Amino acid sequence: MIKLGHSRDIEAVHHLPSEVVEEILENLKVLDEEYGEDRNIFEDLGGYVVILTKESDLKDLSSLIGGDLITEAIPEYVDIIRCVTKEVFTVSLFLCGSDFGIIAVIPYKITPKYLLSYA
């Protein structure tokens, strides 16, 4: 799992398709503008973006959002990103408080099926 908190961290995901990088960067810019470029992403308000890279990351994400991702965590939204490379990803927002959220980018092939019903 890759965790990004600021737009300056985007270099860590340039190996992903450009459509996914653009989505991540857009979300990071909003977090930086609204909550500050120097915030501690784990202790201050705002949140961060996580990119899941393998199926075992689903369990780690469940721990971060405080609910079982497979059966009970309710996202604010789920969008599907279809890339020109034919790769498909989902991006979901999980609110973990009134001013803290985790945006999860997940390869479609490991996205829990119930999350797709929110897309």
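**Burial, contacts and aromatic pairs in a predicted model**

At 13% relative accessibility, I110 counts as buried; the term means under 20% relative accessible area, while exposed means over 50% and partly exposed lies in between (1.4 Å probe, protein chains only). The model is predicted, so local features need pLDDT of at least 70 and side-chain atom pairs count only at pLDDT 80 or more, whereas totals for chains, interfaces and linings use all residues. Residues are numbered from 1 along each chain as its sequence is written, and side-chain values use heavy atoms, with hydrogens and water left out.

I110 sits in the loop between strand 5 and helix 3 (113–116). Helices (H or I, at least four residues) and strands (E, at least two) are DSSP runs, numbered from the N terminus. I110 is in contact with L52, K54, E55 and L58, leaving aside its neighbours within four places in sequence. Contact means heavy atoms within 4.5 Å. I110 and E55 are 55 residues apart in sequence, yet their C-alpha atoms are 5.9 Å apart in space.

The protein has 3 helices and 5 strands. Along the sequence they follow the pattern β-α-β-α-β-β-β-α. The radius of gyration is 13 Å, close to the 14 Å that the globule rule gives for 119 residues, so the protein is as compact as a globular protein of that length. This radius is taken over C-alpha atoms, and the globule rule is 2.2 Å times the number of residues to the power 0.38. The C-alpha trace spans about 35 × 30 × 20 Å along its principal axes.

Of the 119 residues, 48% count as buried. Among contacts between residues at least 6 apart in sequence, 53% join residues at least 24 apart. The protein exposes about 6500 Å², and carbon and sulfur atoms supply 49% of that area. Accessible areas come from the Shrake-Rupley method with a 1.4 Å probe; for residues, only the protein chains shown count as cover.

Charge was examined next. The protein has 10 positive and 22 negative side chains. Lys and Arg count as positive and Asp and Glu as negative; His and the chain ends are not counted. The centres of the two sets lie 8 Å apart, with each charge placed at NZ of Lys, CZ of Arg, CG of Asp or CD of Glu.

V105 belongs to strand 5. V105 is buried, at a relative accessible area of 1%. Not counting residues up to four places away in sequence, V105 touches V20, I24, V49, V50, I51, L52, F89, T90 and V91. D57 is in helix 2 (residues 57–65). D57 is also buried, with a relative accessible area of 1%. D57 touches M1 and L52, again not counting residues up to four places away in sequence.

Two loop residues are exposed. R8 lies between strand 1 (2–4) and helix 1 (18–35). Its relative accessibility is 53%, so R8 counts as exposed. Leaving aside neighbours within four places in sequence, R8 is in contact with E37 and D38. R8 and K29 are 21 residues apart in sequence and 9.1 Å apart in space, C-alpha to C-alpha. K86 lies in the loop between strand 3 (77–82) and strand 4 (88–95). K86 counts as exposed at 72% relative accessibility. K86 has a positive phi of about 80° although it is not a glycine.

The structure holds 3 aromatic pairs. Rings of Phe, Tyr and Trp (its six-membered ring) pair if their centres lie within 6.5 Å; planes under 30 degrees apart count as stacked, over 60 as edge-to-face and the rest as tilted. Y48 and F100 form an edge-to-face pair, 5.9 Å centre to centre with 75° between the planes. This pair links distant parts of the chain: Y48 is in strand 2 (residues 46–51) and F100 in strand 5 (residues 100–107), 52 residues apart. Y48 is buried at 3% relative accessibility, and F100 is buried at 18%. The rings of Y114 and Y118 have centres 6.1 Å apart and planes at 85°, so this pair is edge-to-face. Y114 is buried, with a relative accessible area of 19%, whereas Y118 is partly exposed at 37%. F42, Y48 and F100 form one aromatic cluster.
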